[in-house]
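Here is a short briefing on one protein chain. Look at the sequence and the model first, then read the points by topic.

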Amino acid sequence: MALKHSAFLLPALVVACGGCGGRPEVPVHGTVTLDGMPLANALVVFHRSDEKGDSAFATTDSNGKYQAYGGSGRSAVPVGTYKVSVSTLRRDDDDPSLNAPERVPAKYNTHSTLVLEVGIDDAGKRYDLALSRREQPTA
């Protein structure tokens, strides 16, 4: 069986398996769009900003919808602040036909500036990520 991976998947799984350390958790879900269109088959990784190892991950469906999973496959994420990375890059050494190029600008993955605050009172809140290929105007 071949291992399918992306630039963010393997590190995310290693970190996500670290456990939540007893922090309260809430479901994190929403929709990812790129230039107003749903972004299908994207990997979304939530990196703890305090680097304590409580990361989570999700994969978007064909409509850009996702549900984040923490360590041990929990469908909830510990409260806290997360740096968010989004990537569509896929590489399969065993079956190159499954490879996919990166469609998401680096400002949302390798150089991500996206930050997400997950609070204890946020259960049921949607965390939509509206990405854009356009450059931000400089002041």
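Two aromatic rings of Phe, Tyr or Trp (its six-membered ring) count as a pair if their centres lie within 6.5 Å; planes under 30 degrees apart are stacked, over 60 edge-to-face, and the rest tilted. By this rule there are 2 aromatic pairs. The model is predicted, so local features need pLDDT of at least 70, side-chain atom pairs need pLDDT 80 or more, and totals for chains, interfaces and linings use all residues. Residues are numbered from 1 along each chain as its sequence is written, and side-chain values use heavy atoms, without hydrogens and water.

**Aromatic pairs**

- Phe46 and Tyr66 make a tilted pair, with 6.0 Å between centres and 40° between planes.
- This pair links distant parts of the chain: Phe46 is in strand S4 (residues 43-48), Tyr66 is in strand S6 (residues 65-67), and they are 20 residues apart.
- Helices (H or I, at least four residues) and strands (E, at least two) are DSSP runs, numbered from the N terminus.
- Phe46 is buried, with a relative accessible area of 1%.
- Tyr66 is buried too, at a relative accessible area of 5%.
- Buried means under 20% relative accessible area, exposed means over 50%, and partly exposed lies in between (1.4 Å probe, protein chains only).
- Phe46 and Tyr82 make an edge-to-face pair, with 6.4 Å between centres and 90° between planes.
- Phe46 lies in S4 and Tyr82 in strand S8 (residues 80-87), so this pair ties together parts 36 residues apart in sequence.
- Phe46, Tyr66 and Tyr82 form one aromatic cluster.
- The charged end of Arg48 sits over the ring of Tyr82, 5.3 Å from its centre. The rule for this is NZ of Lys or CZ of Arg within 6 Å of the ring centre and within 35 degrees of the ring normal.

**The nonpolar core**

- A nonpolar core is a set of buried Ala, Val, Leu, Ile, Met, Phe, Trp, Tyr and Cys residues joined through side-chain atoms within 4.5 Å.
- The largest such core has 24 residues, and Val28, Phe46, Val86 and Leu131 have the most contacts inside it.
- At least two core residues come from each of strand S2 (29-34), S4, strand S5 (56-59), S8, strand S9 (114-118) and strand S10 (129-131).
- Leaving aside neighbours within four places in sequence, Leu131 is in contact with residues including Val32, Leu39, Val86 and Leu114. Contact means heavy atoms within 4.5 Å.

**Strands S8 and S9**

- S8 and S9 run antiparallel and are joined by 5 bridges. Two strands pair if DSSP finds at least two bridges between them.
- Tyr82 stands opposite Leu116 in S9.

**A loop residue**

- Ser62 is in the loop between S5 and S6.
- Ser62 is exposed, with a relative accessible area of 60%.
- Leaving aside neighbours within four places in sequence, Ser62 is in contact with Pro38 and Ala40.
- The C-alpha atoms of Ser62 and Ala42 are 9.4 Å apart, and these residues are 20 residues apart along the chain.

**The whole chain**

- The protein chain has 1 helix and 10 strands.
- Buried residues make up 41% of its 139 residues.
- Among contacts between residues at least 6 apart in sequence, 69% join residues at least 24 apart.
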